[in-house]
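Hi,

Here is the structure I promised to hand over. Please open it first, then read my notes below.

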Amino acid sequence: MRQIKTYIFEKDAYFASCHASTVLPLPNGDVLAAWFGGSAEGKDDVRIYTARQTGGAWEKPIIISSAENLPHWNPVLHLRQNGTVRLFYKKGKPIADWATCYTDSLDGGQSWQKPQVLVPGDTSGGRGPVKNKCITTRDGLLLAPASTEKHRQWRCFIDISADDGDTWLRSPYIVRPRSKVFGLAQMIQPTLWEDGDGVIHAFMRSNQGAVYRSRSLDGGRTWKKAERTSLPNNNSGLDCVRSDDGRIWLVCNPVAENWGERAPLELMVSEDNGETFHTALMLEERRSAEDEFSYPAITFHENTLHITYTHQRKQIAYWQITL
């Protein structure tokens, strides 16, 4: 693998804190990234920022969200079939009352239209993608990995669009398992892939010290009861993608502890459709108790992996890995 690591901006250049990035390679070779930044996560001055890499260099970040006195959260980039770039994000406080908005760019991320509410009148706590990218199935459905945190219950579902994101129909919640040892599994922030047989798979963050998994045999409309996997999870975000050769690439903190440390950060790979993984690359090692390398995003385009993540809450790191 050929690897290039950069930072999208210099730390402390625009805000005191940043988090929750998303990355999107474009057909012309440019790369877009987005994240939220402000004085601290959840503060009223937190906004959505984007930056574009062109010619191998990152341009100056721009603010794209409206200047409301509300915190903004968790942007997710998506390239629509007509070439428009759509960016989803959450806004509101508390998290349980999030609303989902979106904004479109017609020029590859150089300018953005006025933000709109994704599902007008929705009071569920958020629709559309909650952290990780959407996928388009072989049947042409756009699947958004979603979750809510209403009434202290973490629940995952999949939002489904048959018109590339104009309208949405949500699946039932993925059934959560219960055990005598771990209790009821609380799960949020799914990440999706479709295998060679058309089965849709979801990995989910949990409060159980492990990643949970579910499957859909009908294009994301209904889901099997979630199951505990052997993958460790520290109750922090993870993301995965399927490359053209069928391998599953996963970025996560391999820490098997609820609210565990958010370091180290590894790129892992599976050659058996997500059943087992081994480390492909150590992205960040843990050197001190204060280290945080978290909330990764990963996507695949033309034999290349694109990865972003939070680097110490001060920067967004970017890896380009040619397979």
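The protein chain has zero helices and 27 strands. Its radius of gyration is 18 Å, close to the 20 Å that the globule rule gives for 323 residues, so the chain is as compact as a globular protein of that length. Keep in mind that this is a predicted model.

Overall dimensions next. The C-alpha trace spans about 50 × 45 × 35 Å along its principal axes. The accessible surface of the chain is about 13300 Å². Carbon and sulfur atoms hold 47% of that surface.

On charge, the chain carries 38 positive and 38 negative charges. Their mean positions lie 6 Å apart.

Now the inside. Of the 323 residues, 59% count as buried.

Which residues have the most contacts inside the largest nonpolar core? They are L32, L77, V85, L87 and W112, in a core of 19 residues. Four strands each supply at least two residues of this core: β2 (17-25), β3 (31-38), β7 (72-79) and β8 (85-91). Apart from this core lies another, of 18 residues, among them V269, F293, I307 and W319.

Leaving out residues up to four places away in sequence, L87 touches A34, I48, T50, I64, P75, V76, L77, C101, Y102, T103 and W112. As general background, nonpolar side chains in soluble globular proteins tend to be buried together.

Best wishes

Notes:
Residues are numbered from 1 along each chain as its sequence is written. This is a predicted model: local features need pLDDT of at least 70, side-chain atom pairs count only at pLDDT 80 or more; totals for chains, interfaces and linings use all residues. Side-chain values use heavy atoms; hydrogens and water are left out. The radius of gyration is taken over C-alpha atoms; the globule rule is 2.2 Å times the number of residues to the power 0.38. Buried means under 20% relative accessible area, exposed over 50%, partly exposed in between (1.4 Å probe, protein chains only). Accessible areas come from the Shrake-Rupley method with a 1.4 Å probe; for residues, only the protein chains shown count as cover. Lys and Arg count as positive and Asp and Glu as negative; His and the chain ends are not counted. The place of a charge is taken as NZ of Lys, CZ of Arg, CG of Asp or CD of Glu. A nonpolar core is a set of buried Ala, Val, Leu, Ile, Met, Phe, Trp, Tyr and Cys residues joined through side-chain atoms within 4.5 Å. Contact means heavy atoms within 4.5 Å.
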